[in-house]
Amino acid sequence: MRKRLITLRFRTSKEAAEFLSFVSKAADNVIVEQSGTSVKLIIPEFSKDARKDYAKLLALVKQWRLSRQSPRKGVFKHSVTMLLSVAKLKVGIPVSAIVELLQLKGYRAKLAGVFIETNADFESTLRVVEEFSERYAETMELDAAPLVKRLAAVLATAYNRSIDEVVEALKGAGLVKENEEERLMLAVNYADALARAPNELRRCVNARFKSVLGKGSRGRGASNSSREGGAEQAHAEVERRGPHTS
């Protein structure tokens, strides 16, 4: 059987390289060549399953186009396999948490089989995946149930807060509690905690902000009182001594 060839052209050489990296990890028995923004995928003559390999390559190309090209009805379809393949992950992550994060960031998103359907483009979704993986790695140090770690990482990523801040807010709101072994556990089910947590986190942050402002105001007040007291003392000293004459 003769070799099969697929030729593709991308917007940038970087995008072409990312596609080649994805294909190299996802498909065997394929020779890849890149020249600038142009890519060639070659299934050699000696391939035992040439038809199967060719069909798999076409499916990978389709996945890429669904994720990168201007979407129908404003929705991209990002292959979960492709996202996790391209992303630089600190640790493995629960896929459904990506959807939760996109929604918290104001995007429409849902998990549809092996795809994430969202109005967030590939770069935005990839950034969310990588940031979440980094925060999720930080929760590995917590003595907490897996769902507590997940919730803390989701909220820390969505609202750019530290894991410690989020955990304190969750505990203060009664959404997380310690068991007899002092391990952090959810006090309500995960869906309820996720729905209530954003407001509780904002309330906690606002309270801290007001506390800082209050301390600043008291400090300025004390400083003003000190200056006013000093001025009064200086004025009394001038009056006691009387006007200066030469």
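Modeller: Gladly! Let us begin with a caution: pLDDT stays under 50 over residues 222–246, and for this stretch the model has 0 contacts beyond four places in sequence. This is a predicted model, and where pLDDT is low, the predicted coordinates should not be read in detail.

Biologist: What is the average pLDDT of the protein, and what share of the residues score at least 70?

Modeller: The average is 81, and 79% of the residues score at least 70. pLDDT is the predictor's confidence on a scale from 0 to 100.

Biologist: Let us turn to the strands. In what order do the 3 strands of the open sheet lie?

Modeller: The order is β1-β3-β2, with antiparallel pairing. β1 covers 4–9 and β2 covers 31–35; each has a single partner strand, so one side of each has no neighbour in the sheet. On average, neighbouring strands here are turned by 15° against each other, direction ignored.

Biologist: How do you know that β1 and β3 pair?

Modeller: Two strands pair if there are at least two bridges between them, and β1 and β3 (residues 38–43) have 6, in the antiparallel sense. As one example, Arg4 has Ile43 in β3 as its bridge partner.

Biologist: And what makes β2 and β3 a pair?

Modeller: The same test: at least two bridges are needed, and β2 and β3 have 5, again antiparallel. Gln34 stands opposite Val39 in β3. The two strands form a hairpin with 2 residues between them, where Gly36 takes a positive phi near 65°.

Biologist: Which helices lie across this sheet?

Modeller: Helix α1 (residues 13–26) lies across β1, β2 and β3, at about 175° to β2. Helix α2 (residues 50–68) lies across β1 and β3, running at about 10° to β1.

Biologist: Where else do strands pair, and over how many bridges?

Modeller: β4 (residues 76–79) pairs with β6 (residues 115–118) in the antiparallel sense over 4 bridges, and Ser79 stands opposite Phe115 in β6. β5 (residues 109–112) is also joined to β6 by 4 bridges, running antiparallel; there, Ala109 has Thr118 as its partner. β5 and β6 form a hairpin with 2 residues between them, and Gly113 in the turn has a positive phi of about 65°.

Biologist: Now accessibility. Why is Ser85 called buried?

Modeller: Buried means under 20% relative accessible area. Ser85 has 16%, so Ser85 counts as buried. Ser85 sits in helix α3 (residues 80–86) and, leaving aside neighbours within four places in sequence, is in contact with Phe22 and Lys25.

Biologist: How do you know that the buried residues of α7 are on the same side?

Modeller: In α7 (residues 163–172), the buried residues are Ile163, Val166, Val167, Ala169 and Leu170. They cover an arc of only 160° around the axis, so they are on the same side of α7. The face turned away from them carries the exposed residues Asp164 and Gly172. After α7 comes Gly174, with a positive phi near 75°.

Biologist: Which residues of α4 are buried?

Modeller: In α4 (residues 95–104) they are Ala97, Ile98, Val99, Glu100, Leu101 and Leu102. Gly106 follows α4 and has a positive phi, near 95°.

Biologist: Last one: how many residues does the largest nonpolar core have, and which have the most contacts inside it?

Modeller: The largest nonpolar core has 63 residues, and Phe19, Val23, Leu41, Leu57, Phe132, Leu151 and Leu170 have the most contacts inside it. Helix α6 (residues 146–159) gives the largest share, 8 residues. Not counting residues up to four places away in sequence, Phe19 touches Leu8, Phe10, Val39, Leu41, Leu60, Val61 and Trp64. In soluble globular proteins, nonpolar side chains tend to be buried together.

Key:
Residues numbered from 1 in each chain as written. Predicted model: local features only at pLDDT ≥ 70, side-chain atom pairs only at ≥ 80, totals over all residues. Heavy atoms only, no water. Axes fitted to C-alpha atoms, helices over the stretch in contact; angles between N-to-C directions. Contact = heavy atoms within 4.5 Å. Buried < 20%, exposed > 50% of the residue type's maximum accessible area, 1.4 Å probe, protein only. Arc of directions from axis to C-beta. Core = buried A, V, L, I, M, F, W, Y, C linked by side-chain atoms within 4.5 Å.
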